[in-house]
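Please consult the sequence and structure shown below.

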Amino acid sequence: MTPPPTNTVAGMIRPVPMPPDSQTNRDLLAVMKGTSPGYWFLLGLALFFMHLAGGIWIWQVYKGLGIAGYAHPVFWGVYVVTFVFWVGIAHAGTLISAILFLFRAKWRNAINRGAEAMTVFAVLTAAQFLGIHVGRIWKSYFILPYPNQRGLWVNFKSPLLWDTFAISTYATISILFLYVGLIPDIAIARDRATGWKKVLYTVLALGWVGNSSQWKAHNRSVLHLSGLATPLVLSVHSVVSWDFAMALVPGWHTTIFAPYFVAGAIFSGFAMVLTLMIPVRRIFGLEAYITDYHFENMSRFILLTSIICGYAYAAEYFMSWYSGVEAEQTAFWLRAFGPYWISTWVMIIFNTVLPQLLWFKKLRVNVPFLFVLSVCINIGMWFERYVIIVGALSREYNPAVWGEFIPSWPEMGILAGSFGFFCTFFLIFLKLFPIVAIAEMKEIAIHEKAHGAQGSH
Amino acid sequence: MARLVGIFELPAQVVAAVKQLQARGYTDIETYAPAPFPEVDDAVDPKPSKVRLMTLIGGLVGVVTGYAMTIWMANNWQIMIGGKPFTSIPPYTIIAFELTILFGGLMTVLGLFIFGGLPKFKIDPAYNSRFSAEDFGVVVRCREQDVAEIDALLREHDATEVNLVES
């Protein structure tokens with residue numbers, strides 16, 4: 001319909017205003033609007049550390065891994081520790097999205113988007129370390145199934161190859177999962193955006209309109225991606241644990257490693273979700289969507305996985321004592337009372353003792369306490385990997401080849417840079433895409449409206 | 001031919017309206033929903049989505065690729081590693097598993113694109129940004145003489161508005 005000419009009576013009447021947008025849309029799209037000086041400060045800080053790490057890395061490519069202090073007997077240092085740390089962090093997103101989706105745990109709806117985004121950025125951060133750690137970056141394509149000039153193929157019996165496949169599959173699936181979930185929300189933003197953002201969302205929404213065939217295919221895809229991602233999330237950290245468990249190193253060569261690592265990964269991932277979502281909720285005033293109930297449920301998960309981790313720590317010590325193998329017994333004695341005793345006790349206290357406070361309901365709903373606890377758990381989980389990797393390598397079978405490892409400043413710079421890399425992406429995501437899944441929140445809102453209208457439930 | 005779009009607030013009203021329209025013989029119906037409501041999608045077309053077939057194909061291709069690639073590559077240039085057989089199934093199962101998930105996931109998303117009609121380059125004029133707020137839409141294509149009947153039917157099912165759109 002063409003508008004009437006402005007000189008007629010109809011033209012003088014103001015056009016009918018658009019019906020007000022839904023409350024959910026307004027609240028959740030408001031997160032993406034405008035940027036404060038604090039936001040730019042955080043983004044600048046993150047970019048600074050990311051570029052610092054980039055500089056150190058270029059220097060390392062030029063000089064070699066020696067600058068990171070890698071020397072006999074410890075050739076897996078902070079880079080591998082940090083790689084395992086970030087892969088672990090990446091587990092919460094898929095767990096919340098896929099496993100809780102299959103269990104129909106509706107409380108996941110408020111936090112799943114944030115957790116999925118965190119997963120994608122954490123797995124991308126972890127993937128950086130595969131390149132940083134190999135030293136000769138120009139030869140890193142050797143891990144791909146590609147023959148060299150003599151027609152020699154990769155060794156599929158090596159856990160490092162399994163890792164390549166597991167991590168690249170996990171990165172791909174978590175990106176697909178995030179994007180598929182985002183499509184309806186991008187369409188919501190598209191209908192309300194202007195300028196360059198409108199162009200961006202129009203392209204990314206792929207012409208989503210939410211008709212029955214699209215939703216039908218979408219529901220089915222999310223269900224199947226969840227079904228595929230559930231065994232995947234359990235397999236990825238198992239494969240990472242086999243990088244260690246397959247090696248004949250005292251303290252590594254145990255069958256408990258796969259479940260132990262998976263529980264630890266979920267534990268640290270949930271802690272990271274809390275570390276990120278508590279400030280996000282506070283800054284953007286999302287208390288109506290991410291409630292204390294969500295945080296309490298996550299605390300329960302943290303408590304459960306903390307107990308599993310504590311059990312695994314205890315089982316490791318018991319098995320080394322019960323096995324009667326001197327090398328194993330020494331390895332575990334030195335963990336607790338050797339040169340790395342601080343790391344070990346940080347890990348035990350932060351990961352198994354402090355989370356026991358969550359037995360108290362008062363503390364489970366105490367948000368500042370949860371934030372501090374989640375940061376402690378992140379620190380504790382980094383030290384767990386440090387103890388396992390460095391502690392074991394520096395104390396192998398023959399005391400004549402024992403050595404000490406002290407993290408070097410280039411390693412610590414790249415560790416800081418990994419947080420910068422992660423935070424840069426997370427901060428940009430926060431301003432470009434909805435951090436709470438809008439369509440899924442509406443599903444709940446409309447269900448509530450329907451039940452209210454019928455006067456039942 | 002004309003097209004009518006009825007605007008609804010609740011999924012149950014949409015389901016009832018669609019069922020009634022189908023019973024009267026109007027089958028060219030499209031619904032728009034702001035959030036996933038399987039009952040609405042099933043009212044339009046009760047058949048399960050064909051995406052499941054895509055996942056199955058992807059998964060099967062993945063598992064076959066995983067085993068075939070590892071076994072062939074290990075035997076293409078045989079090197080004895082740790083005294084293990086060239087064709088050792090347990091480690092290759094890990095690769096096959098990962099490729100099952102990878103191919104299954106990629107094919108699932110391809111299925112979403114194919115069966116969901118994505119990407120859609122031209123958005124139907126019946127689409128309204130209210131459908132990305134909290135309203136539902138039912139679009140019916142009919143002959144001009146049936147407009148009054150459908151209009152009445154949609155309003156009977158608590159449509160808040162019924163509009164004509166260009167077809």
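How many salt bridges does the rule find across the interface of chain A and chain B? The rule finds two, a salt bridge being a side-chain nitrogen of Lys or Arg within 4 Å of a carboxyl oxygen of Asp or Glu. In one salt bridge, the side chains of A:Lys216 and B:Asp42 meet at 2.8 Å, N to O.

The model is predicted: local features need pLDDT of at least 70, side-chain atom pairs count only at pLDDT 80 or more, and totals for chains, interfaces and linings use all residues. Residues are numbered from 1 along each chain as its sequence is written, chains are lettered from A and ligands numbered from 1 in the order in which they are written, and side-chain values use heavy atoms, with hydrogens and water left out.

Contact means heavy atoms within 4.5 Å; on this basis, 61 residues of chain A are in contact with 64 residues of chain B. The area buried between the two chains (accessible area, 1.4 Å probe, lost on being put together and summed over both) is about 5,600 Å², and carbon and sulfur atoms give 70% of this area. In chain A, A:Phe156, A:Lys157 and A:Lys216 lose the most area to chain B, together 13% of what that side buries.

The side of chain A that touches chain B divides by class as follows.

| Class | Number in chain A |
|---|---|
| Nonpolar | 31 residues |
| Polar | 19 residues |

A:Ser241 lies in helix α9 of chain A.

Key: Nonpolar A, V, L, I, M, F, W, Y, C, P; charged D, E, K, R; others polar. Helix = DSSP H or I, 4+ residues; strand = E, 2+ residues; numbered from the N terminus.
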